[in-house]
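Dear colleague,

Please find below the structure that I am handing over to you, followed by an account of what was found in it.

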Protein chains: 2
Amino acid sequence: MSGALLDKKIVIIGLGLIGGSVARGLAGKCREIVAVGRQEAMLRQALDDGSITSWTTDIAAACKNADLILVAVPSLTVEKTLVAIGHTDAVITDAASVKGEILRAAERVYGQVPPNFVPGHPIAGSEHSGYTASTPRLFNGKKVILTPLADSDASAVALVTALWESLGAEVLTMSVEHHDAVLAATSHLPHLLAFALVDTLSQQGESEEIFRYAAGGFRDFTRIASSDPQMWHDVFMTNGDATVTVLDEYIKDLHRLRKAIQARDSEELMSTFRRAKKSRDKFLEMLSGDTDPA
Amino acid sequence: MSGALLDKKIVIIGLGLIGGSVARGLAGKCREIVAVGRQEAMLRQALDDGSITSWTTDIAAACKNADLILVAVPSLTVEKTLVAIGHTDAVITDAASVKGEILRAAERVYGQVPPNFVPGHPIAGSEHSGYTASTPRLFNGKKVILTPLADSDASAVALVTALWESLGAEVLTMSVEHHDAVLAATSHLPHLLAFALVDTLSQQGESEEIFRYAAGGFRDFTRIASSDPQMWHDVFMTNGDATVTVLDEYIKDLHRLRKAIQARDSEELMSTFRRAKKSRDKFLEMLSGDTDPA
């Protein structure tokens, strides 16, 4: 599959955790890898690392004669990045965690979503951010969701698929709406809950004293609260409605459990915890094979 | 310090994750380690493993001539275990996650909390339960909180301290009320939130489809939802009030964030996420050195 990339010029805009990991994973698999970023020191570092073949801070210059452009910037920065790219024959894809808002951004920039624009989202990440946290195996064994439209070019979808498959990912497609609802439930809501818990506790009178007695379970539970604030700010600014929908169901369930605790309702607590443990153990079976921390 | 244990007979009632890990860690450090449990096959396994020197299913028989008795059963089973132990000159301690209810149980059994009863709580655990999940290093580098009363025997406190220190733990003391409030915030609430999230999502129409696209962040966030339902049922039945107090603050914060998302309040979201990330990164510094998963 990765043979499809050998003669290609690939441009990566945004050399953070995702862009950097794509560059490192692609190194040697295509003709050119051009990185565009704002921090020159980091771009030079990537060149030294052999992750890229050249770099620039000029998006338009980078995209000249490109075959594939990966926009790997925070969700709210995608629109101005598309403006800078302008009209192009290259295939464009992105890596944002929300897809509805990205399509609306593309419509605003191009009048309609161009057939060579294939929205994508690698379901892989880390609480660490930036190029220094990137790794060539970040996407290995992970899922990448593409949300092509009815009039997307088949060849564009194939090229984006080849890109992610060359990094060891499994590529799936689904509708934009379904993507945004599913990710609100499994990713956006958990991040919100983790940020909120750490914030709630840090506002308590003796927060240092409280954290002092937290252990490994708390560390894992709040790991995602160390994620990049800008990225998550953008996610909730752009996928707020789907997140609020599932948040409301969650708050309803918290009230049910609160009532059960107050009433010392043994049966309700026991059946909820048993059901949850069973569901999570089933989820782990589905995830089996994915042993990399991500 | 562990020299204090060399000539002692130690009885461990309940050979689950905690009791089993104490036994494995103590092996060879004291005269006798007698385990009491209900599953004979597991007790025989522990004897074969060399974790214990003998076992029985009879609590009273086990405790004869004991120097130290560790009650390592779910919180709601502590009371009937104390009844079975009866009056004894041995030092008694426990490992329950709540302390107020344990003292009330001791009062009900003995009329008042005996000076030789030293309540304790090792801040270590795992989402895996039972003797098969136990490990001799579970408490290494971890904290153990003792909540002795004003009239607790100093020698009893010293012996319980020696027990945990011999397993590599750091022993601290605090009041019962403070323990139950701090643990409600850092342990009981997070477990409730994780159980609730998995349960909320598993009730959704397409729950399998939803879990299919969950990744490593979700796995870590929900790890504690795979914990023993019985143990956590007992925790919320016995530390419900402190948990509801901090849960209410959390729900208030969720409503604040919900409002910010609906209003696309960029500043409120950004400042919350930044504050939370900073607090968690600071918490990690405090935790540094604790690299074992627990």
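Helix α1 of chain A, residues 17-26, is mostly covered, with ten of its ten residues buried. The buried residues are A:Leu17, A:Ile18, A:Gly19, A:Gly20, A:Ser21, A:Val22, A:Ala23, A:Arg24, A:Gly25 and A:Leu26. Their cover includes β1 (9-13), β2 (32-36), α2 (40-49), β4 (68-71) and β7 (120-123) of chain A. After α1(A) comes A:Gly28, which has a positive phi near 90 degrees.

In chain B, helix α1 (residues 17-26) is likewise mostly covered, and ten of its ten residues are buried. Among the elements of chain B that cover the buried residues of α1(B) are β1 (9-13), β2 (32-36), α2 (40-49), β4 (68-71) and β7 (120-123). Just after α1(B), B:Gly28 has a positive phi of about 85 degrees.

Please bear in mind that this is a predicted model. Its scores are ipTM 0.91 and pTM 0.92. The average pLDDT of chain A is 94, and 97% of the residues score at least 70. Over residues 290-294 of chain A, however, pLDDT stays under 50, and the model has 13 contacts beyond four places in sequence for this stretch. Where pLDDT is low, the predicted coordinates should not be read in detail.

I turn next to the relation between the chains.

The contact between the chains takes 78 residues from chain A and 78 residues from chain B. On the side of chain A that touches chain B, at least two residues each are supplied by β8 (143-146), α7 (176-202), α8 (207-212), α9 (216-221), α10 (229-238), α11 (240-262) and α12 (266-287). The largest share of that side, 17 residues, comes from α7(A). By class, the side of chain A that touches chain B comprises 44 nonpolar, 17 polar and 17 charged residues. The copies meet through the same surface, because 100% of the interface residues of chain A are also interface residues in chain B.

One helix pair across this contact may be described in detail. The axes of α10(A) and α12(B), the latter spanning residues 266-287, come within 9 Å and cross at roughly 145 degrees. The crossing of α10(A) and α12(B) is right-handed. From α10(A), the residues A:Pro229, A:Trp232, A:His233, A:Phe236 and A:Met237 take part, and they meet B:Ser266, B:Leu269, B:Met270, B:Phe273, B:Arg274 and B:Lys277 in α12(B). The residues of this contact divide into seven nonpolar, two polar and two charged.

A last point concerns A:Glu165, which lies in helix α6 (residues 154-165) of chain A. Is A:Glu165 buried or partly exposed? A:Glu165 has 17 other C-beta atoms within 10 Å and is therefore partly exposed. A:Lys142 is 23 residues apart from A:Glu165 along the chain, and their C-alpha atoms are separated by 9.9 Å.

With kind regards

How values were computed
Residues numbered from 1 in each chain as written. Chains lettered and ligands numbered in written order. Predicted model: local features only at pLDDT ≥ 70, side-chain atom pairs only at ≥ 80, totals over all residues. Contact = placed C-beta atoms within 7 Å. Helix = DSSP H or I, 4+ residues; strand = E, 2+ residues; numbered from the N terminus. Nonpolar A, V, L, I, M, F, W, Y, C, P; charged D, E, K, R; others polar. pLDDT = per-residue confidence, 0-100. Axes fitted to C-alpha atoms, helices over the stretch in contact; angles between N-to-C directions. Left-handed = near helix turned anticlockwise from the far one by under 90°. Buried ≥ 20, exposed ≤ 12 C-beta atoms within 10 Å, placed from the backbone.
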